[in-house]
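Here is a short tour of a protein chain for you to follow along with. We start with the whole fold and then stop at a single residue.

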Amino acid sequence: MKLAYSTLGCPEWTLEEAIAAARENHIAALEIRGLAGEMDLLKIPALSPENMAETRAKLGDLAICTLGSSLKFDRSADREEMLCEGKKLVDLAAADGIPYIRIFGNDIFPDEDEAAAIAHLAGGVAALSSYAEGKNVMILLEVHGTINTLERLKGISDLVPSPAFGILWDIAHTDKKYKGNFRDFYLPLLPRIRHIHVKDHLRLENGTKLVGIGDGEIPIAAIVKSLLADGYDGFFSLEWEKKWHPDLAPLEEALPVYAKYMQEAAL
């Protein structure tokens, strides 16, 4: 099993601090969503192609597995603006040897026609995926917002035949609907699932509350065992949303809990 973590939990850390935490907790890769206080991936010095040789030397046997962009392709976003930034990120990832770029759908709004909204989303995702073809970079659509059901993701996936398109499954965003029936969600999508975001929450009457790994109600261990048995060989990445939820414990406290839990879950 391959473990990673997102720097969303520590966007103020330097590259050196992020690397040290990964090594200390036997984590194999970093998912970059902010570094040294800079959230714009295109402005992070450690990711610039001219600095990448030095960055690789610091990483050693660690990898950067994903660039966690904020790009989205629902009607609330300017598609041309998203595509322009997305193409720059594809070029950056290709130059740096980073295989995945995370993007969002992100929502289908109550007043939208479902089929039209899915077609709109898929059009933007398809355009960026097409640009990524042949560059050893894949565009991963995150299960997020209201794009969190099998029907909606299958609808988008069917409209994006590009080999450079994949799915990032955030297990928290499907838990409210599928709970213990998670295989109903992921099995039809498994050929396109390339990356997993791991978090845990308590199910409340009105929403959810993020908690430490293993302290909530998401059946993480069962999901891990099931995915591994079904041949999933991508990363399981801790997305510790400390930046958005300051009440969470510091990442340096969460990482060892996560690493220990996940290793035991895989047994």
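A contact here means heavy atoms within 4.5 Å. By that rule, 77% of the chain's contacts with a separation of 6 or more join residues 24 or more positions apart. Please keep in mind that this is a predicted model, where local features need pLDDT of at least 70 and side-chain atom pairs count only at pLDDT 80 or more, while totals for chains, interfaces and linings use all residues. Residues are numbered from 1 along each chain as its sequence is written, and side-chain values use heavy atoms, with hydrogens and water left out.

The chain has nine helices and ten strands; these are DSSP runs, with helices (H or I) of at least four residues and strands (E) of at least two, numbered from the N terminus. With a radius of gyration of 18 Å, close to the 18 Å from the globule rule for 267 residues, the chain is as compact as a globular protein of that length. That radius is taken over C-alpha atoms, and the rule is 2.2 Å times the number of residues to the power 0.38.

| Whole-chain property | Value |
|---|---|
| C-alpha box along the principal axes | roughly 50 × 45 × 35 Å |
| Buried residues (under 20% relative accessible area, 1.4 Å probe, protein chains only) | 53% of 267 residues |

Now, where does R152 sit? Its place is in helix α5, residues 150-158. R152 is buried, with a relative accessible area of 19%. Leaving aside residues up to four places away in sequence, R152 touches I108, E114, I118 and T146.

Note on methods:
Buried < 20%, exposed > 50% of the residue type's maximum accessible area, 1.4 Å probe, protein only.
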